[in-house]
Amino acid sequence: MTSLHADGVVRRLGDKVVVDCVTLTLRPGDTVGILGPNGSGKSTLLRLLAGVLAPTAGVVTLDGRPLTEVGRRATARRIATVAQHTDTQTELTVRDVVALGRVPHRRAWTPPTTADAAAVTEALRRTGLTDRAGQSWHTLSGGERQRTQIARALAQQPRELLLDEPTNHLDIQHQLDLLELIAGLPVTTVIALHDLNLAAMYCDRLLVLREGRVVAEDTPAEVLTPALIERVYGVRAEVTHDHGHPVIRFLRPAARDGSPPNPKRSAPSDAPTAT
């Protein structure tokens with residue numbers, strides 16, 4: 001059984017192919033990580049899956065129906081997205097922001113229903129934001145804003161959740177807290193990430209892109225090998241395993257004169273793994 005499916009999708013921007021014949025099948029409950037360097041097509045693929053962009057070729061289907069047939073409102077009821085950066089000049093409380101997730105479920109100009117209020121309250125509770133509901137959005141920390149955006153997505157009551165690098169600009173504690181929250185949600189999740197170790201910890205499967213093309217798709221243990229990391233990211237790495245999860249340690253490149261790198265500057269095994 002599949003929920004969201006991309007079949008050979010292509011997206012062109014002028015003469016440039018941004019996403020090149022990507023196929024991805026999501027099963028209910030999956031957590032799939034999208035990896036790749038900057039410019040590899042991760043964000044564009046997420047926007048294609050959400051129906052925000054139309055593919056130049058290929059098709060995205062939801063329960064076997066093309067998104068163009070499902071329609072924008074029905075798609076928005078099923079698929080929620082969390083973007084990399086969200087801001088507003090409007091003065092909104094946390095509850096106001098979360099309530100935006102109910103828009104696909106309401107007709108224009110109609111007041112919120114009891115069901116809308118209940119969905120917002122539950123989303124605030126699930127994300128640990130109940131005590132911040134009346135607080136101004138502009139006073140929140142980066143981690144709190146990300147949690148608010150996830151609460152807004154949950155208020156949509158989606159079955160599929162797409163997140164574009166949600167851990168960017170967060171410290172490691174907030175990265176882990178956020179991914180723990182996401183991993184515990186009862187939805188099918190696609191999440192674009194830069195940190196390979198976090199992807200290995202929290203994703204069931206990984207899809208790796210390079211220049212818009214899929215170079216690997218499988219479990220983290222199968223995908224995250226030294227050869228693939230060097231091929232895709234151009235860096236050398238050592239890969240060990242801890243309870244079945246790959247652990248990546250990046251190696252400094254040799255000096256231009258051929259001498260070995262300074263051992264004091266080699267990345268330790270517990271160093272941040274931003275690529």
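This section describes the sheets, helices, cores and selected residues of a predicted model.

Residues are numbered from 1 along each chain as its sequence is written, and side-chain values use heavy atoms, with hydrogens and water left out. As the model is predicted, local features need pLDDT of at least 70 and side-chain atom pairs count only at pLDDT 80 or more, whereas totals for chains, interfaces and linings use all residues. Helices (H or I, at least four residues) and strands (E, at least two) are DSSP runs, numbered from the N terminus.

An open sheet of 6 strands has the order S6-S7-S8-S3-S9-S10, with mixed pairing; two strands pair if DSSP finds at least two bridges between them. The edges are taken by strand S6 (79–82) and strand S10 (213–218), each with a single partner strand, so one side of each is left without a neighbour in the sheet. On average, neighbouring strands of this sheet are turned by 15° against each other, direction ignored. Axes are lines fitted to C-alpha atoms, for helices over the stretch in contact, and angles run from 0 to 180 degrees between N-to-C directions. Within the sheet, strand S3 (residues 31–35) pairs with strand S8 (residues 188–192) in the parallel sense over 4 bridges, and Ile-34 stands opposite Ala-192 in S8. Helix H1 packs on this sheet, touching S3, S6, S7, S8 and strand S9 (205–210), and the direction of H1 makes about 155° with that of S7. Contact means heavy atoms within 4.5 Å.

Ser-40 lies in the loop between S3 and H1 and is buried, with a relative accessible area of 2%. Buried means under 20% relative accessible area, exposed over 50%, and partly exposed in between (1.4 Å probe, protein chains only). With neighbours within four places in sequence left aside, Ser-40 is in contact with Val-18, Leu-209, Arg-210, Glu-211 and Gly-212. Thr-44 belongs to helix H1 itself (residues 42–50) and is also buried, at a relative accessible area of 17%. Its contacts, again leaving aside neighbours within four places in sequence, are Arg-11, Val-18, Val-19 and Leu-53.

A further open sheet consists of 4 strands in the order S2-S1-S4-S5, with antiparallel pairing. Its edge strands, strand S2 (16–25) and strand S5 (65–66), each pair on one side only. Strand S4 (residues 57–62) and S5 run antiparallel and are joined by 2 bridges; Leu-62 has Arg-65 in S5 as its bridge partner.

Helix H5 (residues 114–126) contains 13 residues and reaches 18 Å from its first C-alpha to its last, close to the 18 Å expected at 1.5 Å a residue. The expected span is 1.5 Å times one less than the number of residues. Asp-116, Ala-119, Val-120, Ala-123 and Leu-124 of H5 are buried. These residues cover an arc of only 135° around the axis, which puts them on the same side of H5; the arc is that of the directions from the helix axis to the C-beta atoms. An α-helix has 3.6 residues a turn, so residues three or four places apart point the same way. The buried residues of H5 pack against helix H4 (94–99) and helix H6 (142–155). Just after H5, Gly-128 takes a positive phi of about 70°.

The largest nonpolar core has 49 residues, of which Leu-35 and Ile-150 touch the most other members. A nonpolar core is a set of buried Ala, Val, Leu, Ile, Met, Phe, Trp, Tyr and Cys residues joined through side-chain atoms within 4.5 Å. Not counting residues up to four places away in sequence, Ile-150 touches Val-82, Thr-127, Leu-163, Leu-178, Leu-181, Ile-182 and Leu-185.

Gln-175, in helix H7 (residues 172–183), counts as buried at 13% relative accessibility. Residues up to four places away in sequence not counted, Gln-175 touches Thr-167, Leu-170, Asp-195 and Leu-198. Gln-175 and Gly-143 are 32 residues apart in sequence and 8.0 Å apart in space, C-alpha to C-alpha.

Most residues other than glycine have a negative phi. Gln-157, in the loop between H6 and strand S7 (160–164), has a positive phi of about 55° although it is not a glycine. His-243 likewise has a positive phi of about 55°. His-243 is placed in the loop between strand S11 (236–242) and strand S12 (245–251) and, at 77% relative accessibility, counts as exposed.
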